Amino acid sequence: MSSVIERLRAILPDEAVISGPESLQVYECDALSAYRTLPCCVVLPADIDQVRAVLQICHAEDIPVVARGAGTGLSGGALPVADGVVLSLAKLSRILAIDPDLRLARVQPGVRNLSVSEAAAPYGLFYAPDPSSQIACTIGGNVAENSGGVHCLKYGLTVHNIAALKIITVEGELLEIGSEALDAPGFDLLALMTGSEGMLGVVVEVTLKLLPKPVQQQILLAAFDSVEAAGNGVAAIIATGIIPAGLEMMDNACIRAVEAYVHAGYPVAAAAILLCELDGVQEEVESSSKEVADILVSSGATEVRMAKDKAEGERFWAGRKAAFPAVGRIAADYYCMDGTIPRKHIASVLQTIAELSRQYGLGVVNVFHAGDGNLHPLILYDVAVPGELERAEEFGGKILETCVAVGGTITGEHGVGIEKINQMCVQFNAQELTLFHDIKHAFDPPGLLNPGKAVPTLKRCAESGAMHVHAGQLPFPEIERF
Amino acid sequence: MSVNISNLYQELGERVIAASNSGQPLIIKGGGSKQFYGRNVIGEVINIRSCSGIISYEPTELVITAYAGTPIREIENTLSERGQTLPFEPPGFGDDATLGGTVACGLSGPRRPYAGGVRDYVLGIKCLTGKGGILTFGGQVMKNVAGYDVSRLMTGALGTLGVILEVSIKVLPQPEYEIALTRETDFNTALSQMNAWAGKSLSLSAACYDDGQLNIRLSGKKTAVASARKILAMEESDTGLDYWRQLREHQHAFFKDNKTLWRLSVPSTTGNLDLAGEWLIDWGGAQRWLKTDEPVDKIRRVTEQSGGHATIFRGGDHDGEVFQPLKPALMKLHLRLKQVFDPDRILNRGRMYQDF
């Protein structure tokens with residue numbers, strides 16, 4: 001181990017190699033703090049050549065490497081590997097170029113998400129993916145997780161908004177993937193890399209697509225006396241041919257938590273509210289807003305408010321944006337889930353979640369991207385109460401399995417990481433998981449990049465509680481049971 | 001149709017396994033409308049045309065799932081009945097184009113720069129790999145980051161990674177209103193305007209430069225299109241929206257001869273390329289059709305210097321490399337991925353590159 005640190009110190013400045021338990025603690029987890037591991041050391045290279053040299057050393061020494069951005073990830077994707085190296089890309093934090101004619105921004109991976117839109121604003125452009133952590137999270141991490149945000153219903157996820165990547169392979173080779181054109185020859189490796197959770201290569205440069213900033217925005221807030229009616233409202237808007245920029249739902253528990261916190265003026269008696277953002281040119285937004293208001297009323301909204309001005313619109317959004325901290329005030333701890341389901345199942349899945357909540361004796365608050373069916377149930381627990389964390393995790397696992405059962409997925413935008421690795425066994429069969437391992441092996445033959453994340457071993461699936469027996473058939477008959 | 005599907009899948013799986021045992025290459029065929037695309041291949045035809053039919057379609061979910069052999073025309077008609085569409089405007093190049101072929105070829109029409117390409121709408125795929133396994137990736141929901149994005153990896157892979165059996169694809173509402181506009185101008189002005197307009201909220205859904213004319217299509221809410229029209233101050237085109245349908249399907253006069261047709265995919269602001277021939281500039285400058293007798297090496301070199309890549313689309317030599325050759329490090333990765341999906345190299349062997 002000391003030989004790795006020595007070799008790293010030889011190629012990096014002193015302050016760019018962190019070792020010693022106290023200074024390493026900062027890096028022991030990401031935003032999923034229930035999982036913590038101390039790495040052997042943390043390195044902070046300042047340019048591509050240094051990243052490459054770090055990887056070459058780790059490759060030669062057979063040491064695992066976990067790439068890390070801002071550490072805001074919610075699934076433990078950047079959780080260190082014990083005795084491994086954490087490769088922080090924080091120092092690669094420059095916006096290299098903005099080309100307003102081509103509508104592209106070339107940035108280093110450590111650039112904060114929000115700063116791209118800030119830099120593009122003078123040209124009337126913006127970078128669309130806007131995860132809620134956008135003031136802190138970095139573009140490299142966004143690529144690794146295929147991050148979304150509240151506007152991806154209309155503008156897409158990270159995979160839709162990047163044009164090219166430079167990556168360093170585990171062997172230290174630089175690969176250029178994608179191009180400034182609209183496609184590139186060969187396989188779509190850009191898509192394969194996006195959301196690959198740092199398992200296939202280390203992203204060292206990203207070319208982002210910039211979009212014209214909408215001229216006008218309008219926010220509507222609609223209250224419903226049932227979650228089902230709110231779900232119908234969502235379907236009715238889409239059936240009319242309108243794709244809102246954002247379409248968010250909160251249940252009663254969330255409305256009350258938020259209102260107590262930010263006083264956004266939300267209707268606290270409502271079973272659910274919808275926030276609908278429309279954007280475009282002025283005339284379009286005006287006509288669509290009226291149309292959506294009518295649709296919401298005929299879907300059973302008990303009240304529809306249209307923001308009278310920018311300030312009121314911001315107030316409507318303020319509640320949504322404060323939802324997580326608001327929940328943080330009413331519970332000692334909460335556990336955020338990320339399943340995505342076909343929209344038509346929203347009401348029934350929320351019903352199941354409510355039943356599970358009673359069964360596990362833990363409260364739950366629902367706030368989610370209704371437009372694309374991406375749920376974020378927040379399970380309330382207290383880590384100080386013995387057994388509650390374990391119950392919360394089991395409850396969360398059941399929610400994800402429910403999502404898969406109705407045709408959805410265990411993760412819409414937070415990634416699998418270490419958190420949902422057991423549920424991967426529910427969503428994919430042994431052949432599919434094997435193919436994922438083979439893909440990783442194609443990029444990373446020694447298996448050193450972020451090992452143990454995102455794709456479970458078949459052994460783990462066989463052993464984990466996530467194994468289910470459907471119709472008497474074991475899902476992994478070829479695996480030995482213990 | 002769906003009652004026999006498991007039998008069909010079993011037959012296809014058995015054929016693939018037999019082929020992989022014997023080393024017999026297979027040519028995957030749907031409607032056969034894009035057999036011209038890619039390198040010439042030899043082998044036995046494995047036809048997926050009989051795997052046809054829409055599996056599920058719920059307009060309010062914005063998703064359609066269908067068997068790969070389903071004609072694109074059937075899908076578009078079904079969507080149209082509910083006021084929806086495939087926003088990437090896939091060219092069919094004939095009535096027989098199928099969903100599977102569309103996804104495997106990864107070709108998109110005039111709306112590509114403004115709405116995204118095939119790969120941006122693919123949500124999930126069921127496929128048969130060269131090992132004979134039937135695997136499912138992605139799903140029917142808009143957001144899904146569980147596992148590597150194999151569905152998009154398969155998109156545009158020309159069947160070299162697997163036989164696509166089923167596809168779930170995101171759909172969008174049809175534009176409420178569309179209009180085709182035109183103006184006579186020179187190339188440089190057209191190019192800078194197409195790029196400048198793409199950076200503004202102008203409801204642009206297509207832009208090309210063809211025979212001295214800058215042609216534009218606007219699509220969207222009627223109010224938005226009206227507002228953009230005022231700003232652009234262009235004439236309404238005589239050929240109307242038909243022009244764009246013809247361009248999408250290569251029925252336009254430009255495509256109706258036997259000259260070698262190249263497709264150059266370049267950054268949209270790329271200036272005049274030093275290649276003699278006839279040009280049609282689509283995708284707001286990003287896709288350039290070129291009929292030329294210039295040497296292959298020169299075309300590839302000039303295109304690559306601009307940051308793009310060149311494909312021999314129709315005519316010319318389809319026994320040599322049709323697509324821009326990959327850098328060695330990227331080719332190595334392609335070979336390793338081919339090894340993962342199709343170790344015996346039986347599926348569309350050589351269709352994309354000679355090496356696999």
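Reader: How many bridges pair strand 13 of chain A with strand 17 of chain A, and in which sense?

Author: Two strands pair if DSSP finds at least two bridges between them. Strands themselves are DSSP runs of E with at least two residues, and helices are runs of H or I with at least four, both numbered from the N terminus. Here strand 13 (residues 246-251) of chain A and strand 17 of chain A pair over three bridges in the antiparallel sense. A:His369 in strand 17 of chain A has A:Glu248 opposite. This is a predicted model, where local features need pLDDT of at least 70, side-chain atom pairs count only at pLDDT 80 or more, and totals for chains, interfaces and linings use all residues. Residues are numbered from 1 along each chain as its sequence is written, with chains lettered from A and ligands numbered from 1 in the order in which they are written.

Reader: Which other strand pairs with strand 17 of chain A?

Author: Strand 18 (residues 377-381) of chain A does, antiparallel and over three bridges. The bridge partner of A:Asn366 in strand 18 of chain A is A:Pro377.

Reader: Are the faces of strand 17 of chain A covered or open?

Author: Burial is a count: a residue is buried if 20 or more other C-beta atoms lie within 10 Å of its own, exposed if 12 or fewer, and partly exposed in between, with C-beta atoms placed from the backbone. Strand 17 (residues 364-369) of chain A has six of its six residues buried. A:Val364, A:Asn366 and A:Phe368 cover one side, while A:Val365, A:Val367 and A:His369 lie on the other, and all are buried.

Reader: How many residues of strand 8 of chain A are buried, and which strands does it join?

Author: Seven of the seven residues in strand 8 (residues 162-168) of chain A are buried. Six bridges connect strand 8 of chain A to strand 10 (residues 202-209) of chain A, running antiparallel. Five bridges connect strand 8 of chain A to strand 9 (residues 174-178) of chain A, also antiparallel. A:Ile167 has a partner in each: A:Val203 in strand 10 of chain A and A:Leu175 in strand 9 of chain A. Strands 8 and 9 of chain A form a hairpin with five residues between them, and A:Gly172 in the turn has a positive phi of about 90°.

Reader: How many residues of chain A are in contact with chain B?

Author: Contact means that the C-beta atoms of two residues, placed from the backbone, lie within 7 Å. By that test 75 residues of chain A are in contact with 65 residues of chain B. Helix 16 of chain A gives the largest share of the side of chain A that touches chain B, eight residues.

Reader: Why does B:Tyr67 count as buried?

Author: B:Tyr67 counts as buried because it has 26 C-beta neighbours inside 10 Å. B:Tyr67 belongs to strand 4 (residues 63-67) of chain B. Leaving out residues up to four places away in sequence, B:Tyr67 touches B:Cys51, B:Ser52, B:Gly53, B:Ile55, B:Leu165 and B:Glu166.
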